[in-house]
Amino acid sequence: MKKTRETESAPRAVSATFAVRVVPRSSKEEVAGFSGGVVRIRLTAPPVENRANEALVRFLSKMLDVPRRHVEIVSGGVGRQKIVRVGGVAQGDLLQRLGLA
């Protein structure tokens, strides 16, 4: 029997989901800490016209060494508290890549 796409075992996609507290209009972009299960990130972008969200995606893709298309803001698009999902990063590696472990 020939293998087809349905019979081949596809590798499961690895992803990590985590809470982020964004501090916009900071003097520099950095990971500011981890407290209560929330990663605090300072961004220089203002919280207008989606600029802070775009800056967050760029910053996380650079810090976690993944393409920008793998970083998704799941909820909190208009607030400072956000839930972010990153493809290609295991949950256990997340804090280490952000320099928090």
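Colleague: How many residues sit between β4 and β5 in their hairpin, and which residue in the turn has a positive phi?

Modeller: The hairpin of β4 and β5 has five residues between its strands, and Gly-76 in the turn has a positive phi of about 90°. This is a predicted model, where local features need pLDDT of at least 70 and side-chain atom pairs count only at pLDDT 80 or more, while totals for chains, interfaces and linings use all residues. Residues are numbered from 1 along each chain as its sequence is written, and side-chain values use heavy atoms, with hydrogens and water left out.

Colleague: In which sense do β4 and β5 pair?

Modeller: They pair in the antiparallel sense over four bridges, where pairing takes at least two DSSP bridges between two strands. Within that pair, Glu-72 stands opposite Arg-85 in β5.

Colleague: Stepping back, what pattern does the whole chain follow?

Modeller: Along the sequence the pattern is β-β-β-α-β-β-α, which comes to two helices and five strands. Those elements are DSSP runs numbered from the N terminus, with helices (H or I) of at least four residues and strands (E) of at least two.

Colleague: What about the other hairpin, which residue of β2 and β3's turn has the positive phi?

Modeller: That is Gly-36, with a positive phi near 65°, in a hairpin that has two residues between the strands. β2 and β3 pair in the antiparallel sense over five bridges, and Ser-35 has Val-38 in β3 as its bridge partner.

Colleague: How much of the chain is buried overall?

Modeller: Buried residues make up 34% of the 101 residues in the protein chain. Among contacts with a separation of 6 or more, 42% join residues 24 or more positions apart.

Colleague: Which residues of the largest nonpolar core touch the most other members?

Modeller: Of its 22 residues, those are Phe-18, Ile-41, Leu-56, Leu-60, Leu-64, Val-84 and Val-86. β1 (15-23), β3 (38-42), α1 (51-64) and β5 (81-87) each supply at least two residues of this core, and α1 gives the most, with six. A nonpolar core here is a set of buried Ala, Val, Leu, Ile, Met, Phe, Trp, Tyr and Cys residues joined through side-chain atoms within 4.5 Å. As for Val-86, its contacts beyond four places in sequence include Val-14, Phe-18, Leu-64 and His-70.

Colleague: What do the buried residues of α1 pack against?

Modeller: They pack against β1, β2 (30-35), β3, β4 (71-75), β5 and α2 (91-97). The buried residues of α1 include Ala-52, Asn-53, Leu-56, Leu-60 and Ser-61.

Colleague: What does Asn-53 touch, then?

Modeller: Not counting residues up to four places away in sequence, Asn-53 touches Ile-73, Gly-77 and Lys-82, and at 10% relative accessibility this residue counts as buried.

Colleague: And Ser-61, buried or exposed?

Modeller: Ser-61 is buried, with a relative accessible area of 9%.

Colleague: Last one: what span should α1 have?

Modeller: Its 14 residues should span 20 Å at 1.5 Å a residue, and the end C-alpha atoms are 20 Å apart, which agrees; the expected span is 1.5 Å times one less than the number of residues. Just after α1, Asp-65 takes a positive phi of about 55°.

Note on methods. Buried < 20%, exposed > 50% of the residue type's maximum accessible area, 1.4 Å probe, protein only. Contact = heavy atoms within 4.5 Å.
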